Amino acid sequence: LDAIDSSIAKAAQKAVADLVENPPAPITDMRRADEHRTCFVGKNTKKMYGEKWADMPATANLQNRANSTSSFFRQRANMDS
C-alpha cells in the first residue's frame, strides 16, 4: 500500500505542477456548482414555467468549466484507464 500511495502522490504532484506555477482563477462560490444544479421536474412543468425559470442554473444546461473535472486530473496523472 505504501508503494501505491507513493506512486499516486508522485503522479498527483506531476499532474498539478504547472497549475501550481500558473494557478487557475479562484473559486468564488463554494456552493454546489451550477453545472450540477439540475431541475428534477416533469417536462410539462418545465414547459409551464420555462420563461420564469429561464435564468436559473438548474434549467440552463450549463457545461463544465474546462480543466476542472476529475477526469482532467486523472488524465494528467496518467491514471485514466
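Student: What pattern does the protein follow, read along the sequence?
Tutor: Keep in mind that this is a predicted model. Read along the sequence, the pattern is α-α-α, and the secondary structure comes to three helices and zero strands.

Student: What's the mean pLDDT of the protein?
Tutor: The mean is 76, with 63% of the residues reaching 70 or more. Where pLDDT is low, the predicted coordinates should not be read in detail.

Student: And which elements have the lowest and the highest mean pLDDT?
Tutor: Helix α3, residues 70–76, has the lowest at 75, while α1 has the highest at 90.

Student: OK, on to burial. How much of the protein do buried residues make up?
Tutor: They make up 9% of the 81 residues. The accessible surface of the protein comes to about 7,200 Å², and 53% of that belongs to carbon and sulfur atoms.

Student: Which residues form a nonpolar patch on the surface?
Tutor: Leu-1, Ile-4 and Ile-8 do, with about 340 Å² of accessible area together. Of these, Ile-4 has its place in helix α1, which covers residues 2–21.

Student: Switching to aromatics: how many aromatic pairs does a search of the whole structure find?
Tutor: The search finds one. Tyr-49 and Trp-53 form that pair, and their rings are stacked, 5.1 Å centre to centre with 20 degrees between the planes.

Student: Why does that count as stacked?
Tutor: Planes under 30 degrees apart count as stacked, so the 20 degrees between Tyr-49 and Trp-53 puts this pair in that class.

Student: Is Trp-53 buried or exposed?
Tutor: Trp-53 counts as buried, because its relative accessibility is 18% and the cut-off for buried is under 20%.

Student: How far apart are Gln-13 and Ala-77 in sequence and in space?
Tutor: They are 64 residues apart in sequence and 8.3 Å apart in space, C-alpha to C-alpha. For the protein as a whole, residues 24 or more positions apart account for 53% of the contacts with a separation of 6 or more.

Notes:
Residues are numbered from 1 along each chain as its sequence is written. This is a predicted model: local features need pLDDT of at least 70, side-chain atom pairs count only at pLDDT 80 or more; totals for chains, interfaces and linings use all residues. Side-chain values use heavy atoms; hydrogens and water are left out. Rings of Phe, Tyr and Trp (its six-membered ring) pair if their centres lie within 6.5 Å; planes under 30 degrees apart count as stacked, over 60 as edge-to-face and the rest as tilted. Buried means under 20% relative accessible area, exposed over 50%, partly exposed in between (1.4 Å probe, protein chains only). Patches are made of residues with over 30% relative accessible area and no salt bridge: like charges are joined within 9 Å, nonpolar side chains (Val, Leu, Ile, Met, Phe, Trp, Tyr) within 5 Å. Accessible areas come from the Shrake-Rupley method with a 1.4 Å probe; for residues, only the protein chains shown count as cover. A salt bridge is a side-chain nitrogen of Lys or Arg within 4 Å of a carboxyl oxygen of Asp or Glu. Helices (H or I, at least four residues) and strands (E, at least two) are DSSP runs, numbered from the N terminus. pLDDT is the predictor's confidence in each residue, from 0 to 100. Contact means heavy atoms within 4.5 Å.
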